[in-house]
Amino acid sequence: MFKFLKGVVGGSGAGVKDLPYNIGDPYPSAWGSWSHFQGTSKDDGSPVSIFSISGTNAQDGHLAAARNGVKRLRTVRHPNILAFLHSTEVENIDATSTKITIYIVTEPVMPLSEKIKELGLEGSQRDEYYAWGLNQIAKAVSFLNNDCKLVHGNVCLSSVVVTQTLDWKLHAFDVLSEFDGNNEAANGPMLQYAWLVGAQYKPVELAKSDWTAVRKSPPWSIDSWGLGCLIYELFSGMRLSKTEELRNTASIPKSLLPDYQRLLSSMPSRRLNSSKLIENSEYFQNKLVDTIHFMEILNLKDSVEKDTFFRKLPNLAEQLPRQIVLKKLLPLLASALEFGSAAAPALTALLKMGSWLSTEEFSVKVLPTIVKLFASNDRAIRVALLQHIDQYGQSFSAQVVDEQVYPHVATGFADTSAFLREMTLKSMLVLAP
């Protein structure tokens, strides 16, 4: 497989030159028969993920399922589903055979199993992060089952990937199918590609191919079972190898156990709907989930709620997993300040988080936001900027001070507020050099 791809990337393959992306290193794991590579755009070098699958026969069932997966991923859009960018199908002919390869290009992600190893979280921080991720996957599954009347068919650890901002996304749509429970006359398989699903992940009715029972069950019954499998794999730290292992609940957090058992009910009609899982379980109520959720709906909050939240945020950020604060919360906070939905106290939190970055990262992730804030008409923001200038002032280049910062600061000399005039004067100690 890799030899073939190297050949293709090296230009010996006819057709992949049509792919406007470079294929990089492979990840050690991917869903089903797919391979997952790091990649970059040939246009601007921006990172992407590239998934590929090959077969020698145009009628190959794996390729037919892959085409279904491509079509579904392209048409189903949701914040917690992997974002599709491009796809292409390439035919390679040599002396003895024809090889067909399908490529999907998406936003840059890595397999969840790899990201968990990389983060190395433990204890309550691990639980908080898992709660946030499971919350996102449950929303994606609920959207498919309840809003679209679709069945994913193979929710498990390998069908989840993680973005650069540490969000979890659902993908692997090869088995995805409409739920046709209303079709009494149908007697064929509802999930045409269910044979791709490992036996260990199948609930009883699917393992027996009892399509009458599947059609009589609620649209979420198969994927709720899958969520149970995902929870087991997450907390046990092992891939599920046989269905019986789901009974080993020693690693499942106590607050999640009742819902885990309801997801895996032997009666499909009794399985917990994923939408209820999010509302129901106290496991999902923790500092990290609450903080990110508040930041994501900031525009709906009033000024008192925002003020209270941002005053608590610097201390709260200390207690949350550092990687998630820097990769997820910091960008949310920076854009909230830039677009005016965050109050002045948010600046303290931004600088606190920024202090945990290297000098280079600070210049890229925090400084541009601060420079833009100098143009703000909000007096509270301007005062906060001047009060903290000793924390970031040295990072400005002379050109930035001359062109983007000083013209705005200078208006403070003539301000009606004596305090602002004083702060402006003091800021010159940092800016003048």
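## Contacts along the chain

Take the contacts in this chain between residues with a separation of 6 or more: 65% of them join residues 24 or more positions apart. The model is predicted.

## Overall make-up

The chain has 433 residues, and 53% of them count as buried. Its elements include 19 helices and ten strands. Along the principal axes, the C-alpha atoms fill a box of roughly 80 × 55 × 35 Å.

## Surface and charge

The accessible surface of the chain is about 20,000 Å². Carbon and sulfur atoms account for 51% of that surface.

The chain carries 43 positive and 44 negative charges.

Strands of a sheet pair through backbone hydrogen bonds, in a parallel or an antiparallel way. Here, three strands make an open sheet with antiparallel pairing, in the order β6-β8-β9. β6 (109–111) and β9 (168–170) are the edge strands. Each has a single partner strand, so one side of each has no neighbour in the sheet. From one strand to the next, the twist averages 40°.

Now look at one pair. β6 meets β8 (residues 160–163) in the antiparallel sense, over three bridges. Which residue of β8 is the bridge partner of Met-110? The partner is Val-162.

## A helix across the sheet

Helix α4 spans residues 123–147. This helix lies across β8 and β9. Helix α4 runs at about 25° to β9.

Conventions
Residues numbered from 1 in each chain as written. Predicted model: local features only at pLDDT ≥ 70, side-chain atom pairs only at ≥ 80, totals over all residues. Heavy atoms only, no water. Helix = DSSP H or I, 4+ residues; strand = E, 2+ residues; numbered from the N terminus. Buried < 20%, exposed > 50% of the residue type's maximum accessible area, 1.4 Å probe, protein only. Contact = heavy atoms within 4.5 Å. Areas by Shrake-Rupley, 256 points an atom, 1.4 Å probe, with all protein chains shown as cover. Lys, Arg positive; Asp, Glu negative; His and termini not counted. Charge placed at Lys NZ, Arg CZ, Asp CG, Glu CD. Pairing = 2+ DSSP bridges. Axes fitted to C-alpha atoms, helices over the stretch in contact; angles between N-to-C directions.
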